[in-house]
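Please read it alongside the sequence and the coordinates.

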Amino acid sequence: MAATKTPLNAYRVPAMFRNLSYKLTSALSSSEVPTLKVSDEFTKAKKTEELFPTTDPAIDGDDCLHDCSSCSVKYPRKFQIDETEELYGHVKGWSTHLIVATGKTDWVRDVADEKGSIMEAVDRGDAKPSNGKLMLSASNMPVPGHSDHSSMVLLLPSWQFIENVTPANIPELITEFVNPGPTNDSPLRARTASMLPPSSPLQESSSTVPESAAAAPATIPQPISATSQLKARPCPHKYLILMCSQKTRDARCGQSAPLLRKEFERLLRPMGLYRDLHDERPGGVGIYYISHVGGHKFSANVMIYRHSSVIQRPKQANGDANVHTNGVQKRLEELKVIDDNGQEVLLDANKEQEAEGNGEAAQCIWLARVKPEDCENILKYTVLQGKVVKPERQLRGGFDRCKQLASW
């Protein structure tokens with residue numbers, strides 16, 4: 001008698017196929033699934049290939065060897081950068097990244113010098129992050145149309161938009177969202193039922209519980225006060241591309257960012273992945289200009305954040321050797337949510353999407369010396385698959401919270 005197969009849950013299957021193109025991106029092309037470490041400690045990746053795989057023509061095809069042939073966008077003739085200095089391993093580590101919506105593409109030389117700004121309040125205020133270095137960036141994200149002069153920030157790796165932010169409530173932002181949230185060097189753990197977002201209406205105004213909460217209960221954020229104006233919601237995109245555009249620091253950044261954005265947009269539109277500044281459809285690639293990140297002599301600097309839902313999970317060191325290696329059953333296994341008693345929780349499509357939407361940044365890949373002709377392969381391999389095409393020339397650093405590796 002043939003073995004009886006476990007029936008597929010009728011509600012979970014639509015949820016899986018709804019985002020199949022994103023979920024299979026890294027799974028179908030990933031060279032190797034890393035082994036999950038027992039401890040929470042991160043290790044410095046001394047070599048680029050330890051942190052992010054390099055494209056291989058034998059696996060990825062010869063296209064990975066060639067720059068885009070259809071690219072018509074070019075840098076100005078006098079666009080000169082440093083081509084000799086070693087890049088990898090010289091980026092100073094950061095724990096969280098706060099990106100402030102200003103609606104501008106250029107700023108005063110030091111964004112914290114802008115009087116009365118959120119950037120000034122974060123950098124010069126008394127409330128300081130307790131979980132490591134915070135990278136502060138101004139961005140061209142549009143300022144919400146409020147009459148109270150508040151704005152919005154994007155917090156990474158929490159993958160959250162936080163609204164109604166003002167200079168006055170920065171201490172609350174730091175203590176209630178930044179400090180309890182995940183960091184770039186906190187492990188990305190598999191979800192459990194207790195980590196799923198509650199269905200309470202108050203969820204919109206509370207911090208996202210980090211995936212590492214099961215391993216570190218003390219970091220679970222407490223619900224925000226009912227009187228708080230700050231409201232958090234998941235960033236809807238699967239991928240984020242951040243490009244320095246601050247020409248007051250270096251003219252090359254002001255020149256390169258718009259040209260790269262134009263080329264990224266040209267390539268993303270036919271794929272259905274382009275999202276403009278006001279497009280919050282689920283999925284896709286969000287592209288934002290940000291202020292100076294350092295290393296403008298290596299322009300253009302491009303930071304790529306990848307959501308946890310597009311990263312293939314590490315397998316346990318003592319995992320089941322008989323687990324399926326491909327097919328729908330494997331994808332369903334990866335989508336499983338286990339309750340505190342070790343039992344699978346069957347989710348309907350809406351709940352599955354809700355849980356996925358409350359994920360975090362799993363990786364950041366920081367590239368430099370990016371040219372318009374690099375954009376096609378950066379999208380195809382780096383953004384969508386987490387691979388690096390020109391590691392020796394372009395990779396400055398980054399982190400992978402699944403592998404528990406960083407370049408610092």
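A pocket is here an open set of grid points where a 1.4 Å probe fits, with protein on both sides within 12 Å along at least five of seven lines. The model is predicted. Its second largest pocket has a volume of about 530 Å³.

**Second largest pocket**
- The lining comprises 24 residues, and Lys133, Leu134, Met135, Leu136 and His292 are the closest to the pocket centre.
- Both α5 (118-124) and β4 (134-139) supply at least two lining residues, and β4 gives the most, with four.
- By class, ten lining residues are nonpolar, six are polar and eight are charged.

**Nonpolar cores**
- The largest nonpolar core has 39 residues, and Ile241, Met243, Leu260, Phe264 and Val383 have the most contacts inside it.
- Two or more residues of this core come from each of β8 (239-244), α7 (251-268), β10 (285-290), β11 (302-307), β13 (361-367) and α10 (375-385).
- Beyond its neighbours within four places in sequence, Leu260 contacts Tyr75, Met243, Ala300, Val302, Val370, Lys371, Pro372 and Cys375.
- A second, separate core holds 24 residues, including Ala101, Cys235, Leu242 and Met303.

**Cysteines**
- The structure contains zero disulfides.
- The sulfur of Cys244 has its closest cysteine sulfur in Cys253, at 3.7 Å; a disulfide requires the two sulfur atoms to be within 2.5 Å, so this pair is too far apart for a bond.
- Cys244 counts as buried because its relative accessibility is 6%, under the 20% cut-off.
- Cys64 likewise counts as buried, at 4% relative accessibility.

Note on methods
Residues numbered from 1 in each chain as written. Predicted model: local features only at pLDDT ≥ 70, side-chain atom pairs only at ≥ 80, totals over all residues. Heavy atoms only, no water. Buried < 20%, exposed > 50% of the residue type's maximum accessible area, 1.4 Å probe, protein only. Core = buried A, V, L, I, M, F, W, Y, C linked by side-chain atoms within 4.5 Å. Contact = heavy atoms within 4.5 Å. 1 Å grid on protein atoms, 1.4 Å probe; cavity = no way out; pocket = protein on both sides within 12 Å on 5 of 7 lines; lining within 4 Å. Points joined across faces, edges and corners; volume = space filled by probe spheres on them. Nonpolar A, V, L, I, M, F, W, Y, C, P; charged D, E, K, R; others polar.
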